[in-house]
Amino acid sequence: MVLSFISPSLSRLGLWASVVILMVIVVKLLSLLFRRQKLARALDSFPGPPTHWLFGHALEVSQDKELQQILIWVEKFPSACLHWLSGSNIRVLLYDPDYVKVVLGRSDPKASGVYGFLAPWIGHGLLLLNGKKWFQHRRMLTPAFHYDILKPYVKIMADSVNMMLDKWEKLDGQDHPLEIFHCVSLMTLDTVMKCAFSYHGSVQLDGNSKSYTKAVEDLNNLTFFRIRSTFYENNIIYNMSSDGRLFHRACQIAHEHTDGVIKMRKAQLQNEEELQKSRKKKRLDFLDILLFAKMEDGNSLSDEDLRAEVDTFMFEGHDTTASGISWIFYALATHPEHQQRCREEVQSILGDGTSVVWDHLDKMPYTTMCIKEALRLYPPVPSVSRELSSPVTFPDGRSISKGITATISIYGLHHNPSLWPNPKAFDPSRFAPDSSRHSHAYLPFSGGARNCIGKQFAMSELKVAVALTLLRFQLLPDPTRIPVPVARLVLKSKNGIYLRLKKLR
């Protein structure tokens with residue numbers, strides 16, 4: 001009798017629950033459609049390809065072919081177009097330098113719908129901060145990238161590069177192509193650990209940091225895919241998913257790595273001799289600035305803010321640089337005449353030795369031209385986004401209203417045929433000393449007030465890596481595995497970057 005009494009009750013309860021869930025779904029869908037129509041009307045002056053009401057352009061643009069699709073849009077829709085990521089999740093894609101200049105000349109915050117998903121990983125450091133607090137942190141950290149700080153870093157960079165090259169010497173890289181990104185990634189992590197975080201070990205030799213670089217790779221992919229997913233916008237749904245659990249585990253690995261770096265440096269500074277040595281420095285390195293910082297209220301940086309800045313620069317300081325170096329190597333491998341000219345230039349400066357100092361870096365004009373052209377073809381960060389805090393009107397009269405995400409497609413900008421004739425060709429002469437271009441046609445390190453704070457650090461490392469590598473190896477492509485650029489937070493290759501390495505005498 002009890003069962004017969006409860007059963008109908010449960011049945012009615014289940015029915016009511018189903019009705020309520022269905023009503024919630026209907027309301028959500030109607031809300032989505034209403035917002036989508038409102039956005040479409042507000043942005044009707046901007047063209048775009050046909051789109052699905054729920055999946056946006058996801059059905060037309062696979063995630064691994066987004067860059068190729070953007071190049072089609074750049075040619076078809078002048079200056080800008082609409083890109084529906086999903087449902088009512090839209091961004092206005094900009095790839096005209098006049099449009100880009102307007103947006104980067106403003107002080108709009110980073111787009112929360114894009115960068116907010118990064119917060120559990122890198123916290124609210126310089127990349128995600130906005131407003132007064134961003135300005136305070138930017139001003140605090142700028143001295144860490146002063147020329148006087150960067151000059152002695154060149155030797156550290158050279159040592160890290162040579163350690164990588166020593167490992168390559170022991171490989172049979174000419175007959176068995178090497179996937180170079182992971183090697184380069186460990187090298188750039190080694191460099192940033194020693195330069196910015198006073199690390200005394202060797203990331204490339206101890207092997208313990210491979211779990212960190214793998215975690216960064218996973219976080220890079222997972223965050224990119226989440227930004228484009230209709231169903232993963234909700235934190236509860238995402239955290240319950242397999243991707244969400246993987247994201248959480250990868251965050252733990254990344255945080256354990258950065259917590260270990262902070263803990264190690266704090267322990268070193270417990271030594272009075274090390275503490276006084278640091279205090280006597282004319283300029284402190286990145287981590288010591290954070291540890292010794294006093295904010296405007298007189299308090300030290302909070303542990304949360306400290307780790308956020310370390311997590312941010314640990315990621316940005318090695319992953320973007322590793323992408324840049326890897327793609328530069330590929331560009332030189334596929335253009336041997338330019339590679340040889342760079343090698344001869346480097347040999348004229350360094351001879352056959354491997355010592356390189358700060359003053360050498362400005363004496364490589366042709367090598368620098370090749371580096372810049374490779375960064376044009378393969379910008380390490382394919383896009384940056386801003387959430388407009390007020391309406392913006394562009395030179396041609398078109399406007400975007402407050403709250404819309406404006407995304408600067410650096411990849412599209414760098415391949416815009418109206419700016420770069422034959423944009424897919426590798427042509428270093430575009431960056432000859434007497435060349436001229438729009439101030440916002442070339443942005444490998446973004447632009448405006450929120451440009452990359454470490455751009456001079458990065459360029460120095462790129463030059464050191466290219467110079468020393470070309471002295472010891474001829475870079476040759478693997479014709480069976482041509483890398484396919486794919487959009488992620490940082491530009492990657494869908495199938496790796498494989499090169500054959502021919503040792504030079």
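A residue counts as exposed when its relative accessible area is over 50%, and as buried when that value is under 20%. The structure described here is a predicted model.

Leu 30 lies in helix H1, which spans residues 2-42. Its relative accessible area is 53%, so Leu 30 falls in the exposed class, the cut-off being over 50%. Leu 30 also belongs to a nonpolar surface patch, together with Ile 21, Leu 22, Ile 25, Val 26, Leu 29, Leu 33 and Trp 53. The accessible area of these residues together is about 700 Å².

**The four-stranded sheet**

Four strands make up an open sheet in the order E1-E2-E7-E4, and their pairing is mixed. Strand E1 (80-86) and strand E4 (383-387) are the edge strands, each pairing on one side only. From one strand to the next, the twist averages 30 degrees. Strand E1 runs antiparallel to strand E2 (residues 89-94).

**Strand pairs around E11**

Strand E11 (residues 498-503) pairs with strand E3 (residues 178-179) in the antiparallel sense. Strand E8 (residues 473-477) is likewise antiparallel to E11. Pairing of this kind in a sheet is made through backbone hydrogen bonds.

| Strand pair | Bridges | Opposite residues |
|---|---|---|
| E1 and E2 | six bridges | Ala 80 and Leu 94 |
| E3 and E11 | two bridges | Glu 179 and Tyr 498 |

Definitions and conventions: Residues numbered from 1 in each chain as written. Predicted model: local features only at pLDDT ≥ 70, side-chain atom pairs only at ≥ 80, totals over all residues. Heavy atoms only, no water. Patch = residues over 30% accessible without salt bridge, like charges linked within 9 Å, V, L, I, M, F, W, Y side chains within 5 Å. Areas by Shrake-Rupley, 256 points an atom, 1.4 Å probe, with all protein chains shown as cover. Salt bridge = Lys/Arg side-chain N within 4 Å of Asp/Glu carboxyl O. Buried < 20%, exposed > 50% of the residue type's maximum accessible area, 1.4 Å probe, protein only. Pairing = 2+ DSSP bridges. Axes fitted to C-alpha atoms, helices over the stretch in contact; angles between N-to-C directions.
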